[in-house]
Structures are given as C-alpha cells and as structure tokens.
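Please read the following dialogue with the sequence and the model at hand.

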Amino acid sequence: MYLQYINPTSAATINDAVSVSSTEPNNIAAPRLVDQNGDCRHALAVVSQPLPEVPRWESAPRVVPSMDAVVKVFCVHTAPNFSLPWQRKKQYSSSSSGFVIGGRRVLTNAHSVDHHTQVKLKKRGSDTKYLATVLAIGTECDIAMLTVSDDEFWEGISPVKFGCLPALQDAVTVVGYPIGGDTISVTSGVVSRMEILSYVHGSTELLGMQIDAAINSGNSGGPAFNDKGKCVGIAFQSLKHEDAENIGYVIPIPVIMHFIEDYEKNGAYTGFPILGIEWQKMENPDLRMSMGMGPDQKGVRIRRIEPTSPESQLLKPSDVILSFDGVNIANDGTGTLEFNIKLAKHKELIPSHIEGKRPSYYIIAGFVFTAVSLPYLRSEFGNLFDVPIKLLDKHLHAMAQSIDEQLVVVSQVLVADINIGYEDIVNNQVLTFNGMPVKDLKSLASMVENCDDEYLKFGLEYNQMVVLQTNTARAATLDILTTHCISSAMSDDLMTKENALEEVQSTLDDPKTRDTILEEVQETKDIF
C-alpha cells in the first residue's frame with residue numbers, strides 16, 4: 001500500500017509503502033454505438049452475411065448452488081452482565097445459518113455465536129445436531145469460523161467455492177434458515193450498492209454489499225451465491241425502516257478472504273489494520289495554498305495521529321495525504337520519498353467490543369472499579385446519546401497514549417458503613433491513586449493490593465476525592481462480598497498467584513479444604 005503525502009515543512013512529497021491487497025469489482029461494459037451528438041442508439045446495417053450473435057448474460061445457464069453445504073447453527077449464549085461483572089446474564093438460545101468451506105470448516109456470523117456456551121450444527125435434511133467448536137471470531141467483520149470433530153458430519157458435503165466481487169445489478173441468491181419455517185429458504189435479488197458500511201455488531205466500518213433480496217432473522221451467516229453457484233458474500237444485517245423494503249447487507253469477498261487468510265497465517269484472528277489518523281477536508285483554496293500545495297492538487301490534511309500507531313513516528317499533524325494504496329487523491333508533488341509502514345490494529349481508549357471476554361472488575365470497600373468499553377456504555381445507558389457528555393467525548397475523540405491504557409471508572413458503590421457519603425459516585429473516572437496516575441485497571445488493583453499507607457486515596461474527575469482507612473477498607477471488603485454473594489474481589493484477568501492464595505486463606509475456614517485448594521493453586525500457578 002502506498003501512502004503519498006506532503007509535509008508542509010518540506011518541499012518533498014512522501015510515499016509510504018504498505019503491503020495490503022485490494023480487490024476491485026469486475027465491471028462488464030456492454031458494446032454500444034454513439035452518434036456524433038453523443039447519443040447511444042441501436043445500429044442498423046445491411047450486410048451480406050449475418051452478424052455473429054453477441055453473448056448475453058440472459059442466455060448463460062444458471063448454476064444451482066450447493067444447498068447441502070448450508071447448515072443451521074444453534075447457539076446457547078450467556079452474555080456478560082456489565083452492571084454486575086462478577087456474574088453473567090440469563091442464558092438464551094438462537095438459530096442462524098452457516099456454510100461449509102474447505103479444510104473441514106464452517107463460516108457463520110460472529111453475532112451468531114457471540115458469548116457462546118454451546119454451539120451445534122444441523123445439516124440439511126438431517127435431524128442430528130453435531131457439537132461444534134469455535135475456531136475464531138472476528139467481531140469487527142462479523143464473521144466466525146467453526147469446525148466439527150465428528151467425521152459423520154462431513155460425509156456427503158461438498159465445500160462452497162468462492163467467486164469474485166460482483167458488479168452492480170449482478171444477480172445474487174441468499175440461502176439460509178430464516179424464521180418462518182424449519183427447512184432451507186432461498187431468496188433472490190441483485191447487487192444494488194457497494195460501499196463502506198457500518199457493521200452494527202463490530203461497531204466498525206468496512207466494505208459492504210447492499211442487495212434487494214430479503215434477509216430476515218435466521219438468515220445471518222448464510223451464503224450469497226452468484227449465478228455461477230459460487231459464494232460472493234455472507235448475509236449479516238438488514239435495514240428495518242418504514243420507508244425501506246427488502247434492503248439487506250452482505251459481507252463481500254475481500255472481507256471474507258481477509259478473515260480466512262488472517263486465521264490461516266496467524267492461527268487466530270488478529271483484526272483489520274488502520275492508518276490511525278484523523279483528517280480534515282481541504283476544499284478551501286487558501287488552506288491548500290498555505291500547506292504548500294499547487295492549484296491543481298487536492299488531498300486531506302492530517303489533524304491528529306494515534307500515539308500508539310506505527311506511523312506516528314513518521315507522519316505528523318498538518319501533513320497532507322495525496323494518495324493512498326495507489327489511488328491518487330491529488331496530483332504528485334515535486335519530489336518523492338518512500339517509506340515502509342506496517343499498519344497495526346486500532347488501539348481504542350474505549351474499545352468497541354470486548355471480543356467475547358468477561359468484563360474486568362475490582363472491588364474494595366464496596367467500590368466497584370471497571371474499565372469502560374462501548375458494550376459497557378450501551379449496557380449502562382442504552383442509547384449512546386444518553387451517555388454523559390464527558391464519557392461520550394472520550395469515546396468519540398480521546399486517543400490512547402499507550403497500548404495498555406484504559407479508562408477506569410467507579411461503576412457503582414455497594415452500600416456499606418465504610419462508604420457512607422460516597423453512595424452517589426457512579427461512572428466517575430479514576431485519575432489517581434495516592435498521587436500516582438491510574439493508566440489501567442490492573443495497575444490500579446495492584447497499587448491498592450500492595451498499598452502500605454494508612455489511607456487509600458482515589459482522585460476522581462471534577463476534583464472529587466475518596467479517602468478510606470486502609471485496614472478498615474480491606475476488612476469491610478470481605479463482608480461486602482459475602483453480603484452480595486460475590487466469590488472474588490477481582491476478575492480472573494487481574495488475579496495473580498499471591499491474590500489467589502490470599503483469597504483462599506481468607507475465605508476458607510476448614511483447614512483440610514484450605515490445604516487441598518492451596519495445593520491445587522500451587523500446581524496451576526502457571527495460569528496466573
């Protein structure tokens with residue numbers, strides 16, 4: 001990938017080379033005749049021999065896709081409880097669609113197996129459900145990869161073959177198991193739009209394909225075939241609006257292949273890289289001139305750069321991007337330099353998703369500390385427009401200064417005598433502990449657990465202060481955990497070997513039981 005930009009402090013134009021593949025749609029132009037006035041008309045001619053017949057798409061035989069490769073996906077979900085992060089919500093079931101690809105693998109949507117407890121697959125025409133294993137989940141692109149260990153499942157199934165990115169008005173057929181029946185369903189339409197779409201589940205924007213075929217609940221994860229019987233996408237969402245009908249969205253081939261190749265190369269899904277910049281339009285001629293651009297040049301001005309991105313070492317604010325990935329945004333500059341930049345996955349201060357993990361938490365004296373994520377905000381406030389202005393501003397504009405930085409808040413206070421007067425502190429950011437800055441939840445938990453000072457002093461936003469007597473706070477924590485039936489003062493990802501030993505010693509009264517569990521902890525110390 002080549003990124004070309006102008007540095008206003010230098011007369012040179014710089015190209016950044018990055019290796020990212022791109023796929024372009026196959027456009028097919030039909031022959032036409034244009035008269036001198038530019039009008040397209042049918043041409044009539046008298047010839048001595050008949051003209052050869054022009055091939056037409058309508059005359060091409062339509063290939064029936066492999067229906068037996070499309071399976072029904074049954075999943076039991078147990079979603080996290082962000083209000084009470086030490087437990088999960090009541091489990092629920094869902095059904096969706098999927099399809100078999102090469103290598104004894106099955107593709108479906110990520111939201112079809114999100115927070116899965118159990119996943120089962122059923123083949124067409126069979127009443128047997130086979131237990132499946134989730135190999136990878138790409139939350140951003142809403143794709144998941146499954147497999148089945150039972151050899152019987154793979155008998156009689158031919159994997160789906162992938163086609164090319166379709167053009168506008170190309171025919172597509174969506175196959176799956178939507179609501180309204182138990183058997184396979186087929187709906188047909190055409191490609192009506194191809195552009196960058198908002199992926200609702202992943203809270204990201206990637207290339208997407210709009211079709212006019214109906215995509216209903218249960219269709220998610222099903223393949224979209226072209227008229228040659230090859231898969232050109234995965235059904236994943238639809239537009240529900242009183243003024244819209246039959247608007248469905250399909251994950252296109254470039255996104256699917258990136259997911260598959262990412263898994264095959266790395267053994268896991270690692271995500272989609274980004275450039276890590278915020279940019280400004282340069283429509284004003286005076287702005288372009290002040291940046292050292294010629295009258296015919298166009299581009300975008302860099303406003304801010306993610307401090308954690310690799311290109312932060314090369315680009316800087318007020319650089320002007322002229323071309324990207326070989327596509328010129330404007331004319332070339334007077335000089336050219338080339339640099340290799342390795343794109344990285346986006347590090348968000350407030351993550352868009354938690355990738356199937358359980359929420360992290362830490363409790364001391366009834367104060368529940370947690371790291372803010374977009375799912376947390378939706379759980380707490382519902383609509384994002386109801387999020388407090390300061391948190392919303394951080395979500396939209398704040399940039400992480402380091403890879404492990406988190407926004408830590410007091411999510412709630414479990415009322416007890418120790419925290420009288422602090423009951424109304426909710427969703428306030430924790431800035432400091434005993435004068436030390438708080439960069440993430442794990443460092444906060446470590447500082448509190450290892451504190452030898454007389455007081456625990458938490459500095460919150462808006463110059464609020466929480467002060468607790470150290471020994472009293474630790475003693476009260478055990479009673480509060482017992483009252484609220486909380487098994488641990490911290491989530492597993494914050495636990496250390498020392499924390500585990502202390503919790504066992506403080507909560508077990510039976511010496512024999514204590515010794516048994518202590519031995520187990522010692523044997524499994526490598527997991528902490």
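The dialogue below takes up salt bridges, a helix and a surface patch.

Q: What kind of model is this, and how are its residues numbered?

A: This is a predicted model, in which local features need pLDDT of at least 70 and side-chain atom pairs count only at pLDDT 80 or more, while totals for chains, interfaces and linings use all residues. Residues are numbered from 1 along each chain as its sequence is written, and side-chain values use heavy atoms, with hydrogens and water left out.

Q: How many salt bridges does the structure hold?

A: A salt bridge is a side-chain nitrogen of Lys or Arg within 4 Å of a carboxyl oxygen of Asp or Glu. The structure holds eight of them. One of these joins R124 and D68, at 3.6 Å from N to O. R124 lies in the loop between strand 8 (116-122) and strand 9 (129-138), and D68 in the loop between strand 4 (40-41) and strand 5 (70-77), so the pair ties together parts 56 residues apart in sequence. Helices (H or I, at least four residues) and strands (E, at least two) are DSSP runs, numbered from the N terminus.

Q: Is E278, the salt-bridge partner of R303, buried or exposed?

A: Buried means under 20% relative accessible area, exposed over 50%, and partly exposed in between (1.4 Å probe, protein chains only). E278 counts as buried, at 18% relative accessibility, whereas R303 counts as partly exposed at 39%. The N to O distance of their salt bridge is 3.5 Å. Salt bridges that share partners join E278, R303 and R304 into one network.

Q: Which residues of helix 4 are buried?

A: An α-helix has 3.6 residues a turn, so residues three or four places apart point the same way. In helix 4 (residues 389-397), the buried residues include L391, L392 and K394. These cover an arc of only 160° around the axis, which puts them on the same side of helix 4; the arc is that of the directions from the helix axis to the C-beta atoms. The face turned away from the buried side carries the exposed residues I389 and L396.

Q: What covers the buried residues of helix 4?

A: The cover includes helix 3 (374-381) and strand 27 (428-433), where contact means heavy atoms within 4.5 Å.

Q: Which residues make the nonpolar surface patch?

A: Patches are made of residues with over 30% relative accessible area and no salt bridge, like charges being joined within 9 Å and nonpolar side chains (Val, Leu, Ile, Met, Phe, Trp, Tyr) within 5 Å. Accessible areas come from the Shrake-Rupley method with a 1.4 Å probe; for residues, only the protein chains shown count as cover. Here Y455, M465 and V467 make a nonpolar patch of about 260 Å².
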